[in-house]
Amino acid sequence: MSRTMTMTDSAEAPAAAVPAAAAAAVTAPAAPARPLWRDWAGAALVPAASLAVLVAVLLAWQFLPPLLGVPKYIIPQVTDCLSELVRMYEQENLVMHFVSTATMSVVGFLAGGLLGAAFGYALGLSPLWEKVLSPYLLALQIAPKVAFAPLFILWFGYNAWPKLIVTVLVVFFPILVNVLQSMRTVDRDLVNLARAYSMRKSQIFWKVLFPSSMPNLMAGLRIGATLAVIGITVGELVGGEVGLGYLITYGEGQANTAMVFNAIGLLTVIGIAMYWAVAAIETRVLHYIPRAAH
Amino acid sequence: MLNNAPALELDEVTRRFPARGAPGALFTAVEKLSFSVRRGEFVAVVGPSGCGKSTILNMVAGLDRPTEGRVTLGGEPVTGPSPHVGFMLQKDLLLPWRTIVHNVEFGLETRPLNGAQRRERALAELKRCRLLDFAERYPHQLSGGQRQRAALARTLAIDPDVVLLDEPFSALDAQTKLVLQRSFAETISGSGVTTVLITHDLSEAVAMSDRIFVMSERPGRIVEEIEVDLPDRENPIARRALPRAQDIMSHIFSMLHLDEKVDA
Ligand SMILES: Nc1ncnc2c1ncn2[C@@H]1O[C@H](COP(=O)(O)OP(=O)(O)O)[C@@H](O)[C@H]1O
Ligand SMILES: [Mg+2]
């Protein structure tokens, strides 16, 4: 007892003692001491190794199949793909197909994301409806949404609607589930605090629930961004005459393997771009969350 | 508010909850609690965990209703959340996406104030809690003790008549706890606000309050009321050193027969 007292008394003014503790808390934990050259070497090593892997893969891709006697219609060489890319640009209206797929992916993603988030918040606010609808939501979540594509073509015809609806469905669920999860797990004490300050339901939503859900919403959007490209691609594969998915079936019909490779590559580019965009928005929105030091 | 009414009064308050696992059955969390708190008084409620301390707080804050009896604030029955009551918990409940000053403004956002007035009040409160330098930081950039002081600043910013503190120090390490108790005691003495401190720490109750209500295990009832007739309410550290404080503590210990209990 008296021991504790002297310790605290020596820290005379609490004002002096607490900021000292704070200063320690604010500065990031120091990295374990390492020689500087190792840091530099480490920093340069990783990108160099990544680049080396890429080069190795491209070289293997270029030279291994001919050596092993694999015909070009199975695995075209890198250079074949590049010249085919130029030909597609010049003769197949590649830019139009690319832009179509990219736009549709973004539109489907935005619509699916908006709907998923809206349903997530609405169900989160009304536990009764959540209970009533949850078995159907679960069933729909498990159902392979892309399998609906031919059905939607039967219903809506060969236009943009089938692939957009498939994409909306595919994007909808992960976002709904994530938002709903955050609404279920929000700190009740935080809600009670807001209630104690006489906040209305709408104020509690906008000041507490909605901002608390941001990490979950962002995680859902990140998943949705990559799924959107899948949804559009399946729609284009099944029907229609535009988009990279269509170029895949077209190339397949012509036994033009390089064209299929190129279309897949460009689809991946769209997916990565959308993922990056969401990740960039996420870092801005969640700026208040401490990043793990690395 | 009636002028001579106690700041807070509980009159034969009982709260029952549905029993878990037994549909239709009820269990009693607190039973026939009666006590009153004078204006500006600092009262501590101590008791073992699960005895219904937080239940009392919820009823005073208007977040929950008594099953029987009534709670009055300044003579007015509590029917819901009151703008004259502030509370804080063991968790700081700071919103991680808001800066400290913006967090302190949280409780002011339902008051008829414009943005500039809110900011002014929040900054004044942070100054009183000696956190002005941290106004633009985010909660994760502060230590546990600083976050609790920010939570106190938010609680006091609405200029409440009654402040309810539910184990505000129990998540802190021993030394931070002592420093923070003193900091809270100073701030609260300075503001003259009526305070109810809920705690399971008997020495904390003796060090900080004017009066202590000791509660029994469930169903929670008040088994003893102790006047802490000690000077230095604004400095718990000095108070702990007083021989009288030791006497009061040993009195409570013997009264609770703590020395006879072997299994907790
Ligand atoms: N909303 C509630 N519904 C059901 N039981 C509750 C509720 N709130 C508290 N209780 C029960 O009441 C008892 C007292 O709880 P609490 O007031 O939190 O105790 P303390 O704060 O003293 O530890 C506990 O057994 C707790 O499980
Ligand atoms: Mg409690």
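A polar contact is a pair of N or O atoms within 3.5 Å; within protein, one atom must be able to donate a hydrogen and the other to accept it, and residues adjacent in sequence count only if both atoms are side-chain atoms.

**Before I start.** I am reading a predicted model, in which local features need pLDDT of at least 70, side-chain atom pairs count only at pLDDT 80 or more, and totals for chains, interfaces and linings use all residues. Residues are numbered from 1 along each chain as its sequence is written, chains are lettered from A and ligands numbered from 1 in the order in which they are written, and side-chain values use heavy atoms, with hydrogens and water left out.

**Entry 1: ligand 1.** I began with the backbone. A backbone N or O atom of G52(B) lies 3.1 Å from an oxygen atom of ligand 1. For G50(B), the distance from a backbone N or O atom to a ligand 1 oxygen is 2.7 Å. K53(B) also takes part, with a polar backbone atom 2.8 Å from an oxygen of ligand 1. On its own, ligand 1 has 560 Å² of accessible area, and the protein covers 66% of it (areas come from the Shrake-Rupley method with a 1.4 Å probe; for residues, only the protein chains shown count as cover).

Next I listed the shell, where a residue is near if one of its heavy atoms lies within 4 Å of the molecule. Among its members I found F17(B), R20(B), F27(B), S49(B), T55(B) and R218(B). Which elements give two or more residues to this shell? They are β2 (26-37) and α1 (53-60) of chain B, and α1(B) gives the largest share, 3 residues. Helices (H or I, at least four residues) and strands (E, at least two) are DSSP runs, numbered from the N terminus.

I sorted the shell by type and got 4 nonpolar, 5 polar and 3 charged residues. Here Ala, Val, Leu, Ile, Met, Phe, Trp, Tyr, Cys and Pro count as nonpolar, Asp, Glu, Lys and Arg as charged, and the others, Gly among them, as polar.

**Entry 2: D201(B).** I found D201(B) in the loop between β8 (194-199) and α6 (202-208) of chain B. Is D201(B) buried or exposed? It is buried, because its relative accessible area is 17% (buried means under 20%, exposed over 50%, partly exposed in between, with a 1.4 Å probe and protein chains only). Its side chain makes a polar contact of 2.8 Å with the side chain of S203(B) and reaches the backbone nitrogen of E204(B) at 3.2 Å. Leaving aside neighbours within four places in sequence, D201(B) is in contact with V46(B) and K177(B), where contact means heavy atoms within 4.5 Å.

**Entry 3: E68(B).** My next stop, E68(B), sits in strand β4 (residues 68-73) of chain B. I noted E68(B) as partly exposed, because its relative accessible area is 34%. A polar contact of 2.6 Å joins its side chain to that of R16(B). Not counting residues up to four places away in sequence, E68(B) touches E12(B), V13(B), T14(B) and R16(B).

**Entry 4: cysteines.** C51(B) is buried at 1% relative accessibility, and C129(B) is buried at 2%.

**Entry 5: chain A.** How many helices and strands does chain A have? I found 13 helices and 0 strands. Of its 294 residues, 38% count as buried. Chain A exposes about 16,900 Å², with carbon and sulfur atoms supplying 72% of it.
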